[in-house]
Amino acid sequence: MTGNHLQVILLPTNKCNVNCEYCFEDKTDDRLSLEQLSTVITKILDFMDEGGTPRLTLHWQGGEIMTMPPEWFDQAYELIQVLAYTRNKQIDHGLQTNMIAYSSRWNGIIKRMFGNSVGTSMDYPNLFRKLFRGGPDDYTRIWIRNVEAARAAGIGVGVIAVTNQATLALGADRFYSFFVDELGITDFQVNTPFPGGEQNDTKRDLALENEQLSRFFIELTDVWIERGRTAGVKLGPVDQLLAHFSGEPSCLPCIWQSNCADEFIAIDARGFVAQCDCWVTSYPEYFFGNIFECDTLSNLLRNSPARKQFIDRPAAIVDQDCIECDYLSMCHGGCPVRTYTMHHTLLTKDPYCHLYRSLFRHTEEAAARLAGLSLLPGHSSKARNGVANERSCGSISPDHTQWLTAPLVQIERRVRAAVKS
């Protein structure tokens, strides 16, 4: 993990208040006490001191974060502020919630701790997000009501949407209109589905065909460029891809980082540490360790066999057909959890490879067109060759991972040689 910014996905509770059919989490009733939180934050700050890392972002998730009372977060925020002040560290906070339990009681802490913004999730159409008592329509109705109430209170709401077969059938224009025109959401991200966690009938039929997905994402890109790009609409990952290929500062999603193991970690309510929330709530065999049982976080990460598998993944898959791909230097083989849930191994490329390549190429051509340029067949833009101004979305100091970075250096050299040839 490199850079001067550490990101931690923190799950203070593993409990959830809804019953979504495609959820990858193994839910429990565990939650962090304030004393346990103090231990977690102290060990994270120790880790930052070792690497000289000045800034931390905590991404608060669950479970469902709002199964805990806002009063707990009032106390947690004060505790963290004091600990950060004593170490001269900057700590930022992000909140991801399903919004089902939202009420005005949350407004104060959302403003004070989370910058008056929240992230949430909703699919269109909603097929799989359900209450324990009630179906998708009930879930959607409550979600829309609470999102509208939050926005009326001045809270910014960003949305993550997962595509499904009905999404593709309705088309990109209808999908875009639902979020932007009907709900007034101007900050949303579109994700691909993956069948994580314990299998069920829904998950077995969850994966979508690459050709259909590619057409949808390409159409959505065109809709956004025409209607949203200059109107203040943020649409991930398309907006960041366009910035990337235009040579502007960009922050590509974690699935396209050189190695997500260099970017962040996740810690759950039991103290288990893993790569991200998908891994820490679903796959005990890939836990890095337990933060309550280790002497230091750096030793836990350094000595974890599971973590080393993530570090080694790019080197293991680069000699597959990825080495011939024009976009390897920005994709790096894609998401390990999508790969694992569909192929039961880390050691192959992301199953949505075809979608990514199609979207990269289309967005690259769109960037060239908007700049009044043209791309010759078989040639890439300077952004793809690493010349464009890119910035890390947050990562851990190199002092903590120098024993693991050599394979990535070798890969980068080989990638550059392949692209130049």
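User: Which residues does Asn146 touch, not counting those up to four places away in sequence?
Analyst: Asn146 touches Met99, Ile100, Ala101 and Tyr102. Contact here means heavy atoms within 4.5 Å. This is a predicted model, where local features need pLDDT of at least 70, side-chain atom pairs count only at pLDDT 80 or more, and totals for chains, interfaces and linings use all residues. Residues are numbered from 1 along each chain as its sequence is written, and side-chain values use heavy atoms, with hydrogens and water left out.

User: Where is Asn146 placed?
Analyst: Asn146 is in helix α4, residues 136-152. Helices (H or I, at least four residues) and strands (E, at least two) are DSSP runs, numbered from the N terminus.

User: Is Asn146 buried or exposed?
Analyst: Asn146 counts as buried because its relative accessibility is 4%. Buried means under 20% relative accessible area, exposed means over 50%, and partly exposed is in between, with a 1.4 Å probe and protein chains only.

User: With which side chain does the side chain of Asn146 make a polar contact?
Analyst: With that of Arg145, at 3.1 Å. A polar contact is a pair of N or O atoms within 3.5 Å; within protein, one must be able to donate a hydrogen and the other to accept it, and residues adjacent in sequence count only if both atoms are side-chain atoms.

User: Back to Met99. Where is that one?
Analyst: Met99 lies in the loop between β3 (90-95) and α3 (107-114). Met99 has a positive phi of about 70° although it is not a glycine. Its relative accessibility is 0%, so Met99 counts as buried.

User: And Asn116, what is its phi?
Analyst: Positive, about 60°, and Asn116 is not a glycine either. Asn116 sits in the loop between α3 and β4. At 23% relative accessibility, Asn116 counts as partly exposed.

User: New topic. Which peptide bond to Pro125 is cis?
Analyst: The one from Tyr124, with omega near -10°. Pro125 is in the loop between β4 (117-121) and α4. Gly236 and Pro237 are also joined by a cis peptide bond, with omega about 0°.

User: How many disulfides does the count come to?
Analyst: The count comes to 0 disulfides, a disulfide being a pair of cysteine sulfur atoms within 2.5 Å. For Cys331, the nearest cysteine sulfur is that of Cys353, 6.5 Å away. Cys331 counts as buried because its relative accessibility is 12%.
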